[in-house]
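Me: I have a two-chain model open and want to learn to read it. Can you take me through its features one at a time?

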Amino acid sequence: MAARTWPRTLLIALLVAAVSVALDVGLSRILTDGSLRQLLMLTACNVLVAVSLNIINGMAGQFSIGHAGFVGVGAYTAAIVASQLHVKLGSQAPTLASSFIVVPIALLAAATVAGAFGFLLGLPSLRLKGDYLAIVTLGFAEIFRLLIATADVGAKDTLSQAWSNVRGPETFFHALGVSLTSLGGPQGYAGTADQGVPLYAGPFWILTIVTLMVALAWRIKFSGWGRALRALREDEIAAAAVGVDPTRYKVTSFVLAAVGAGVAGGLLAMMRDGTPTVQPDAFNFQTSFDAITMVILGGSGSVTGAVLGGIFVTLSIKAIEYGQGSSFIQDLRRHAEWLDLNALRMIVYSVLLIVLMILRPEGLLGEGELFQKKRAS
Amino acid sequence: MTLALRSVSKSFGGLRAVSDVTFEVPERSIFGLIGPNGAGKTTVFNLITGVYQFDGGTITLGGLSLAGLKPSEIARAGIARTFQNIRLFSQLTVLENLLVACELQKKAHLFSALLRTPSHFSDEAAMTKRALELLEVFSLGELADAPSTSLSYGNQRRLEIARAMMLSPKVLLLDEPAAGMNYGEAEGLKTQVRWLRDTFALTVVLVEHNMQVVMGVCEEIHVLDHGETIAQGTPDVIRNHPAVISAYLGEDDEASAGGGA
């Protein structure tokens with residue numbers, strides 16, 4: 001069996017790589033509208049956000065409503081690392097060749113830092129269940145966002161000065177404050193010396209990495225490891241009684257989901273045609289909630305469902321933004337000021353979710369998958 | 001391997017659920033743990049399997065102390081169990097329910113699954129083969145790909161035992177396997193328990209209210225009341241033990257034959 005799958009996997013990998021290289025070079029010719037290119041890549045990143053959240057919420061059955069926190073940690077980490085490397089490389093305009101140095105390092109850093117936070121957040125999941133765990137995850141995401149958005153020590157000293165002056169707890173926290181302030185507060189982080197975050201991640205990186213991560217999520221689900229995780233979700237005591245250690249599986253699932261979200265955040269921060277700043281408000285509760293909507297719409301526990309949910313939610317957000325900007329709606333708004341589609345989006349989603357929960361409580365695909373293989377008996 | 005409890009105690013707040021319980025289950029025996037409702041039988045099971053940690057005493061399996069071990073480690077050490085109210089993985093198929101139970105025996109793990117290394121496939125194939133054989137043995141082979149919730153009550157009970165057997169345990173703890181069974185089914189269960197012991201070279205510990213089953217199949221019986229030992233012996237000794245009769249079977253001697261709990 002193994003011998004047969006390897007060549008096929010290799011073939012698919014090569015195909016994905018070839019298509020993404022072609023898109024990396026040719027996308028700006030096919031799609032001359034930058035916002036459409038941005039939308040395409042944003043959709044891919046959001047798919048990864050949804051697929052990674054699905055590991056905690058769908059497969060492990062934990063309820064995290066702070067996924068944006070992990071995305072944010074990844075975005076800031078990747079942005080800082082990429083900016084530093086960019087300067088070291090001589091601040092040349094990003095090319096596909098130079099991105100092979102910057103993107104892997106930045107994403108690795110983003111994955112590591114986000115994974116570490118995932119580990120920390122996975123620990124309370126051992127004692128907390130349901131709503132209580134949800135509050136912890138929400139708290140993490142909001143603390144992360146607010147720490148950065150409100151950090152301002154009003155100090156004049158630079159980062160290196162502050163850290164070299166550390167003599168005790170007081171100066172340490174001062175240096176920590178200076179570090180947080182250097183992330184740009186509510187205006188966002190715009191790279192070293194406010195030159196903007198270098199946008200190294202073109203379609204090549206975004207498509208290959210997202211495809212790779214989705215494939216890994218699929219493999220997790222259809223491995224013994226994923227099976228044990230689902231068993232744990234169904235009945236923790238029974239799973240432990242047959243040798244599944246809840247601690248290890250729960251914490252690992254949090255780490256894996258955080259790594260996925262961190263990589264997605266890193267890609268978002270460095271996305272070509274994207275904005276060259278990373279803003280804390282991009283990782284607010286709304287973002288976490290959108291991610292949950294993606295997972296639930298597609299079918300909790302389903303990898304392909306999360307992909308579909310990610311595509312649908314991203315496109316509908318953009319469609320609504322587009323509608324909001326159209327002259328027709330703008331004309332209408334002169335007569336009816338309450339007509340704010342962005343605000344109405346929440347109502348539309350709520351209605352959509354309620355209808356779905358009545359008609360199809362398990363989501364679009366339930367726990368099943370598109371193209372699911374049947375067991376050969 | 002002998003399962004031995006020595007002066008085991010457990011309190012929940014001010015309530016002494018199990019106090020100073022001592023017994024030894026001989027290897028390859030069928031051992032009954034009985035007592036009226038609230039006697040602490042299931043608590044003893046939960047102490048043996050590590051769901052609760054005991055406050056005092058020792059529990060050993062073939063000399064290995066189980067104190068402080070996690071439930072998953074105790075399962076690894078060779079103690080498998082079923083539950084009073086059946087606990088299956090409801091969203092998983094019958095086959096998958098069994099496969100979860102051998103996750104701990106494989107060499108390959110998460111990374112081999114991510115990379116799909118050859119050992120991942122050989123593990124999976126070997127596990128599936130073993131699980132299907134075991135399902136055949138429990139006459140659930142036809143239902144391998146059915147969702148576990150779609151099974152009848154009796155089949156769910158059998159599936160739970162099959163899943164426990166997937167661990168290749170040395171000791172099997174059965175928590176009220178006869179619950180909800182009629183006379184004929186209970187008779188069948190007696191044969192099955194003996195068959196399990198003989199086929200898999202097991203030690204079986206049985207918590208049961210159904211006296212027809214307990215008296216019929218157990219070689220040794222330990223009686224608890226209010227968390228304390230009141231008697232131990234062969235079915236004949238227990239049947240005529242005055243403390244058991246007054247605590248459990250009632251004053252009426254006839255009850256020993258009928259089985260009233």
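Reply: Start with a strand pair. Strand β7 (residues 171–175) of chain B is joined to β8(B) by 5 bridges, and the two run parallel. Strands here are DSSP runs of E, at least two residues, and helices are runs of H or I, at least four residues; both are numbered from the N terminus. Two strands pair if DSSP finds at least two bridges between them. This is a predicted model: local features need pLDDT of at least 70, side-chain atom pairs count only at pLDDT 80 or more, and totals for chains, interfaces and linings use all residues. Residues are numbered from 1 along each chain as its sequence is written, while chains are lettered from A and ligands numbered from 1 in the order in which they are written.

Me: Which residue is the bridge partner of B:D175 in β8(B)?

Reply: B:V207 is that partner. β8(B) also pairs with β3(B), in the parallel sense, over 4 bridges. There, B:I30 has B:V204 as its bridge partner.

Me: Is β8 of chain B buried or exposed, and why?

Reply: First the cut-offs. A residue is buried if 20 or more other C-beta atoms lie within 10 Å of its own, exposed if 12 or fewer, and partly exposed in between; C-beta atoms are placed from the backbone. In strand β8 (residues 203–207) of chain B, 5 of the 5 residues are buried, so the strand is largely enclosed by the rest of the structure.

Me: Which way do the residues of β8(B) point?

Reply: In a regular strand, side chains alternate between the two faces of the sheet. Here B:T203, B:V205 and B:V207 point one way from β8(B). B:V204 and B:L206 point the other way, and all are buried.

Me: What does B:L206 touch?

Reply: Contact means that two C-beta atoms, placed from the backbone, lie within 7 Å. Leaving out residues up to four places away in sequence, B:L206 touches B:I30, B:F31, B:G32, B:L33, B:L174, B:V193, B:V214 and B:C218.

Me: How do I read a nonpolar core?

Reply: A nonpolar core is a set of buried Ala, Val, Leu, Ile, Met, Phe, Trp, Tyr and Cys residues joined through C-beta atoms within 7 Å. The largest one here has 172 residues, and B:L206 is among those touching the most other members, along with A:C45, A:A78, A:I206, A:L267 and A:M270. Helix α2 (residues 34–59) of chain A supplies the largest share, 14 residues.

Me: Now the sheet with β1 of chain B. In what order do its strands lie?

Reply: The order is β2-β1-β4-β5 (chain B), 4 strands in an open sheet with antiparallel pairing. An edge strand pairs on one side only; here those are β2 and β5 (64–65) of chain B. Strand β4 (residues 56–61) of chain B is joined to β5(B) by 2 bridges. Across that pair, B:L61 stands opposite B:L64. Helix α1 (residues 41–48) of chain B packs on the sheet and touches β1 (3–12), β2 and β4 of chain B. Its direction makes about 70° with that of β2(B). Such axes are lines fitted to C-alpha atoms, for helices over the stretch in contact, and angles run from 0 to 180 degrees between N-to-C directions.

Me: How is chain B divided?

Reply: Domain bounds come from an automatic or database domain assignment. Chain B has domain 1 (1–78 + 169–261) and domain 2 (90–167). Their centres, taken over C-alpha atoms, are 28 Å apart. The contact takes 8 residues from domain 1 of chain B and 7 residues from domain 2 of chain B.

Me: How many residues meet between the chains?

Reply: 26 residues of chain A are in contact with 32 residues of chain B. On the chain A side, α9(A) gives the most, with 7 residues. By class, that side has 14 nonpolar, 4 polar and 8 charged residues. Ala, Val, Leu, Ile, Met, Phe, Trp, Tyr, Cys and Pro count as nonpolar, Asp, Glu, Lys and Arg as charged, and the others, Gly among them, as polar.
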